[in-house]
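Thanks for making time. I have one structure to go through today, so please look at the display while I talk.

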Amino acid sequence: MPAAQGTFPGRPARPAEGAAGRLSPTVNFALRIGFYCVLCLVCSALAAVACLLVNGGRTVKNMRIIRAVVRTFKYFFGLRFEVKGLENFKVEGPAIIVSNHQSVLDMMGLMEVLPDNCVQVGKKELMYMGSVGLIIYLGGVIFINRKSTSSAKMVMSEVAKTMVAENVKVWVYPEGTRNCTGDLLPFKKGAFHLAIQAQVPVIPVVYSSFTSFYNPKTKLFTSGKIKVEVLPPIETKGLTPDDVTDLTDRCFSTMRETLFRLSGRPSQAKDSS
Ligand SMILES: CCCCCCCCCCCCCCC(=O)SCCNC(=O)CCNC(=O)[C@H](O)C(C)(C)COP(=O)(O)OP(=O)(O)OC[C@H]1O[C@@H](n2cnc3c(N)ncnc32)[C@H](O)[C@@H]1OP(=O)(O)O
Ligand SMILES: CCCCCCCC/C=C\CCCCCCCC(=O)OC[C@@H](O)COP(=O)(O)O
């Protein structure tokens, strides 16, 4: 049966979708995003209780509980993850993980590959999202104020010390904001300063472009497959602050190349346009 006008774009309607399958893309998008938010809020509240009972308060150990919960979300949205390179997370000790950031849906991709003892750097506004803010706090997320470079730098310098002392990996989205264009935004340098200050490797993780199944501008949100690749660690031992720009550029080029390859984007279209 051909896809009827107004069904989830990209594939024919299934009989079980019934009326929902015939909704306009805008309504379909709103319903699916609304459901995602409700799912996050409800599951965060339940997970928060579990975290408090099992681990007693704010600790990275709670990420195991959060990860187990969030890994079930993909089934509600017909999303599949094809993951390669997980062995690259097996470095001795702490590391900085950097990845591309496309959407609020990234939390599913994050939890699909998240190694143990790993916290994320997040904007402080996330704290005020009700139960989601609470669970993010309990998971040990490091909050930064993006509007104040000096305060963000201070927090990051503190993280450089504690991540080594406590053997924790730190996950940073170096684009600094969501970007669902199928390309990368220029990278902010915080993650790379952090890696060099702590003298720990940088592990890039790349998610293929969501644009074939998710696009807030065109109200597209259907099922889809996401390819994920964990790339080999980039060592920073012996690097100094003078090397931050080179390290940033190196990670950016490697990740952009990988993003285009995973997304099936032709190599001649690599220039940002
Ligand atoms: C049950 C279900 C619920 C689901 C629960 C799921 C739980 C998981 C939660 C996951 C949360 C994920 C949250 C994601 C986000 O919030 S992304 C947004 C926040 N993150 C970031 O912004 C990180 C990336 N940004 C940076 O690294 C920035 O560099 C930052 C540190 C923030 C500073 O930004 P900005 O002011 O814009 O500065 P620049 O990068 O342009 O840098 C300015 C100059 O400062 C120098 N610099 C930067 N950092 C440092 C540093 N640490 N030490 C020394 N110097 C630093 C930088 O080099 C620039 O100077 P030059 O231009 O090079 O001279
Ligand atoms: C009592 C207050 C109630 C608030 C209700 C909030 C409802 C939202 C509920 C669930 C949404 C799920 C969010 C999961 C966490 C997503 C983290 C994320 O992706 O943050 C975006 C941030 O990286 C970059 O932000 P910007 O792109 O710069 O912007």
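Which residues are the closest to ligand 2? They are Cys37, Cys40, Gly130, Thr177 and Arg178, out of 14 residues that surround this ligand. Two elements, H1 and H4, each give two or more residues to that shell. H1 gives the most, with 3 residues. Sorted by class, the shell around ligand 2 holds 8 nonpolar, 3 polar and 3 charged residues.

Before I go on, please keep in mind that this is a predicted model. The chain has 273 residues, and 33% of them are buried. It contains 8 helices and 9 strands. Of the contacts with a separation of 6 or more, 73% are between residues 24 or more positions apart.

Now the other ligand. Ligand 1 is surrounded by 38 residues, the closest being Gly122, Thr149, Lys188, Gly190 and His193. Several elements give two or more residues to this shell: helices H1 (25–55), H2 (62–70), H5 (131–138), H6 (149–165) and H7 (190–198), together with strand S3 (118–123). Which of the elements provides the largest share? That is H6, with 5 residues. By class, 22 residues of the shell around ligand 1 are nonpolar, 11 are polar and 5 are charged.

Next, the helix packing. Two packed helices are described by the angle between their axes and the distance between the axes.

On the H1 side the residues are Cys43, Ala47, Ala50, Cys51, Val54 and Asn55, and they meet Asn62, Ile65, Ile66 and Val69 of H2. This contact is made of 8 nonpolar and 2 polar residues, with no charged ones. An α-helix has 3.6 residues a turn, so residues three or four places apart point the same way.

H2 also packs against H4, which covers residues 106–113. Here the axes come within 9 Å and cross at roughly 120 degrees. H2 and H4 are therefore oblique to each other. This crossing is left-handed. Ile66, Arg67 and Val70 are the H2 residues in the contact, and they meet Met107, Met108 and Met111 of H4. By class there are 5 nonpolar residues and 1 charged residue in it, and no polar ones. Note that Ile66 is listed in the contact with H1 and again in the contact with H4.

Staying with H4, which of its residues are buried? They are Met108, Gly109, Leu110 and Val113. The cover over these buried residues includes H2, helix H3 (73–77) and the strands S1 (79–84), S6 (202–207) and S9 (224–230).

H7 passes H8 in a right-handed crossing. Phe192, His193 and Ile196 of H7 meet Val244, Leu247 and Thr248 of H8. The contact has 4 nonpolar and 2 polar residues, and no charged ones.

Leu134 lies in helix H5. Is Leu134 buried, exposed or partly exposed? Leu134 counts as partly exposed, because it has 17 C-beta neighbours inside 10 Å and a residue needs 20 or more to be buried. Leaving aside its neighbours within four places in sequence, Leu134 is in contact with Ser44 and Ala48. Leu134 and Ala48 are 86 residues apart in sequence, yet their C-alpha atoms are 7.1 Å apart in space.

The last two residues have a positive phi without being glycine. Asn167 has phi near 55 degrees and lies in the loop between H6 and strand S5 (169–172). With 12 C-beta neighbours inside 10 Å, Asn167 counts as exposed. Lys219 has phi near 60 degrees and lies in the loop between strand S7 (214–215) and strand S8 (220–221). Lys219 has 16 C-beta neighbours inside 10 Å and therefore counts as partly exposed.

That is what I have, and I am happy to go back to any part of it.

Technical notes:
Residues are numbered from 1 along each chain as its sequence is written. Chains are lettered from A and ligands numbered from 1 in the order in which they are written. This is a predicted model: local features need pLDDT of at least 70, side-chain atom pairs count only at pLDDT 80 or more; totals for chains, interfaces and linings use all residues. A residue is near a molecule or strand if its C-beta atom, placed from the backbone, lies within 6 Å of it. Helices (H or I, at least four residues) and strands (E, at least two) are DSSP runs, numbered from the N terminus. Ala, Val, Leu, Ile, Met, Phe, Trp, Tyr, Cys and Pro count as nonpolar, Asp, Glu, Lys and Arg as charged, and the others, Gly among them, as polar. Two residues are in contact if their C-beta atoms, placed from the backbone, lie within 7 Å. Axes are lines fitted to C-alpha atoms, for helices over the stretch in contact, and angles run from 0 to 180 degrees between N-to-C directions. Angles under 35 degrees count as roughly parallel, over 145 as roughly antiparallel, 65 to 115 as roughly perpendicular and the rest as oblique. A crossing is left-handed if the near helix is turned anticlockwise from the far one by less than a right angle, and right-handed if clockwise.
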